[in-house]
Amino acid sequence: MEFIDLPPLQKAAGSVRLPGSKSISNRVLLLAALAEGETLVEDLLDSDDTRVMRGAIVALGVKTMEEGKALRVFGCGGRFPKLKADIFVGNSGLSIRTLVPAIVTSLSGCADVDAEVRLSGVPRMHERPIGDLVDGLKQLGACVEWLGQEGYPPLALKPALLGAERVSVRGNVSSQFLTGLLQAAPLVARDKPLTIDVEGELISRPYVEITLNLMERFGVIVQREGWNRFVVPAAQRYVSPGRIAVEGDASTASYFLAAGALGGGPVRVVGAGRKSIQGDVKFADALATMGAEITWGDDWIEARAPTSGKLKAFDLDLNHIPDAAMTLAVAALFADGPSTLRNIGSWRVKETDRIAAMATELRKLGATVEEFPESITVTPPAGLNPAVIDTYEDHRVAMCFSLATLGGPYVRINDPRCVNKTFPEYFTTFAGIATPVPVVAIDGPSASGKGTVGALVARILGFEHLDSGALYRIVALAALRKGVALDDETSLASIAAALPARFEDGLVLLDGDDVTEAIRSEACSVGASRVAVLPAVRDALFWRQRSYRTGSGLVAEGRDMGSVIFPDAGVKIFLTASVEARAERRYKQLIDKGMAAKMDDLLKDLYERDARDSQRAVAPLKRGDDAVLLDTSGITVQQAVDFVIERASSLRN
Ligand SMILES: Nc1ncnc2c1ncn2[C@@H]1O[C@H](COP(=O)(O)OP(=O)(O)O)[C@@H](O)[C@H]1O
Ligand SMILES: Nc1ccn([C@@H]2O[C@H](COP(=O)(O)OP(=O)(O)O)[C@@H](O)[C@H]2O)c(=O)n1
């Protein structure tokens, strides 16, 4: 499984230009395709879902042409020219739910009896309901055949004359059904007006407002009576506005605004603001309810943490912003008590069952989550656990969980490419406003001075200090004490996974025993280097080592700090010295501690350990291209420390 590891963050601040709105891009593409005249679409989002829509209109015979970053769409004037097509809609709910009604209108009165348009998607798409929409279309006279399970894609559309003046559609499963009917309505209401009645409470109304707004930009006015009846007057045609610029995506804005509120800020999103037609900008109001400071501009919004430093718990009806609400579920981890997200039943039929998915993943971070049919309550833990987040092919799960890193833990996001659905550059853009807890990684062979230099550098910078070698030494000591063989990988890995060890006030404690001296014995040195070749032991210590990355920063020393454990370390040093110099140092250290030592034995041991450390298959000791070489053979400790500090000082906040 592909994954991306996101490091713990200290803060988030900066400015982000939002990618184009998915909701607007896909509506505009379809309306421009159906309109009379050419439309130059600017700032169009380039993502999986918009490619689905672009591919579909082209498959239906509409011509498009790229002009720099813009796309020129040559409108077909209301009827798609090509009506024999197989269209793959991936997992784009909006695409299929708006394409189907539009295609059905083109098939009305089509003389070619062989005309047929088939639409199918990924397996999850075949579990997302479309029956209510098709019921509506059938009231108009459409011919729709189910190719799989009734009520779900895939389906086939065939020629049939449309003629009714009234149609009703359910509004409480997905507002996309209504959007699809509305956009196709002027193509049906040629001679007589068409009335669309909404059964049940209409959910996600702001998305319908986007639809109405864009239809108006293309010359079609809809009369709205409350939110239950929409009348499309007769004889209206879609006419290109000539040029249209797509606003920045307000749902995407939610991740960055939340980052500002949770991570200090300010974070400004540019591309959607006070004048936006997208309901999701209201997410900023929800953040304000939590105490975040929000500032609005015409086309930008800025968020920063409350001056009190602590976000407040909330209990909100989020029916109007179902997508951005997922971001709030993660923000709830940072609140001062349990928060409830209400009226989010539509989450159950999105890319995945989002209520179940969010509950499962929030629990991995340590939260207590109560799940209800249409709401969830999130109680934050005292501190967040590091977690491996599964994403269920759901871009929003991937994006919103990146925010948990602002609470201190590492977060691994599985299958991160699912963000391609709406924002392929998400993780790079997020990294652009994020300040990770800095790391100075010092790797090198035995007695090169890592421990001595590392401890001094950590003290000067005010950073934590991780002596990773000590962890391998403790595993060896625990194994020796329990009589476990040093090549029994399974038993050693379980010892490593549950190592009852602590570092306190310069002491190393194992099961409460002071083993500071004991782990420096030659038996433990050799033992450590033997257990360290075992992959299962290294895996068992992986997250434990990462958990030291907290506070203002970390100096980590060992063999694979820069290559494996902290590959994104801001400073990487490869510390070395000649074998003779190192043997002499080790000799002196042992004698000073009153321990027995023989020069010849030490030299032999160093050669053997160097060989084992650098030749092993996993995480071998090796200077990476990105590590700075420092040979300490002929320099003092102070000089070595100065060298590292000079490179690391920029990491200090
Ligand atoms: N230039 C130097 N840099 C680091 N250590 C040095 C230097 N010169 C002498 N030493 C001594 O060498 C020893 C290095 O041991 P240590 O820090 O335990 O190394 P490591 O952690 O790499 O095994 C210490 O006793 C240290 O005082
Ligand atoms: N990150 C690390 C640190 C230590 N080790 C192993 O653990 C042993 C003891 O590490 P150490 O850093 O305490 O050893 P010295 O350099 O102090 O002799 C080393 O010989 C390595 O084999 C490792 O494999 N990876």
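At which residues does UniProt place the feature "binding site"? The unreviewed entry places it at Lys22, Ser23, Arg27, Ser174, Ser175, Gln176, Ser204, Asp323 and Lys350; UniProt positions follow the numbering used here, feature names are shortened, and annotations may be inferred rather than shown by experiment. The structure is a predicted model, in which local features need pLDDT of at least 70 and side-chain atom pairs count only at pLDDT 80 or more, while totals for chains, interfaces and linings use all residues. Residues are numbered from 1 along each chain as its sequence is written, and chains are lettered from A and ligands numbered from 1 in the order in which they are written.

Two of the annotated residues can be followed further. Lys22 is found in helix α1 (residues 22–34); helices (H or I, at least four residues) and strands (E, at least two) are DSSP runs, numbered from the N terminus. Lys22 counts as buried because 25 other C-beta atoms lie within 10 Å. Here a residue is buried with 20 or more other C-beta atoms within 10 Å of its own, exposed with 12 or fewer, and partly exposed in between, the C-beta atoms being placed from the backbone. Neighbours within four places in sequence aside, Lys22 is in contact with Leu45, Ser47, Asp49, Thr50, Asp249 and Thr422 (contact: C-beta atoms, placed from the backbone, within 7 Å). Lys350 lies in the loop between β19 (339–342) and α10 (354–364), and is buried too, with 23 other C-beta atoms within 10 Å.

On the scale of the whole protein, there are domain 1 (3–18 + 250–434), domain 2 (22–245) and domain 3 (439–651), with bounds from an automatic or database domain assignment. The C-alpha centres of domain 1 and domain 2 lie 30 Å apart. Between these two domains, 16 residues of domain 1 are in contact with 19 residues of domain 2.

Helix α15 (residues 489–497) has Leu492, Ala493, Ile495 and Ala496 buried. These residues lie on the same side of α15 because they cover an arc of only 160° around the axis, taken from the directions from the helix axis to the C-beta atoms. Their cover includes α14, α16 and α17 (535–546).
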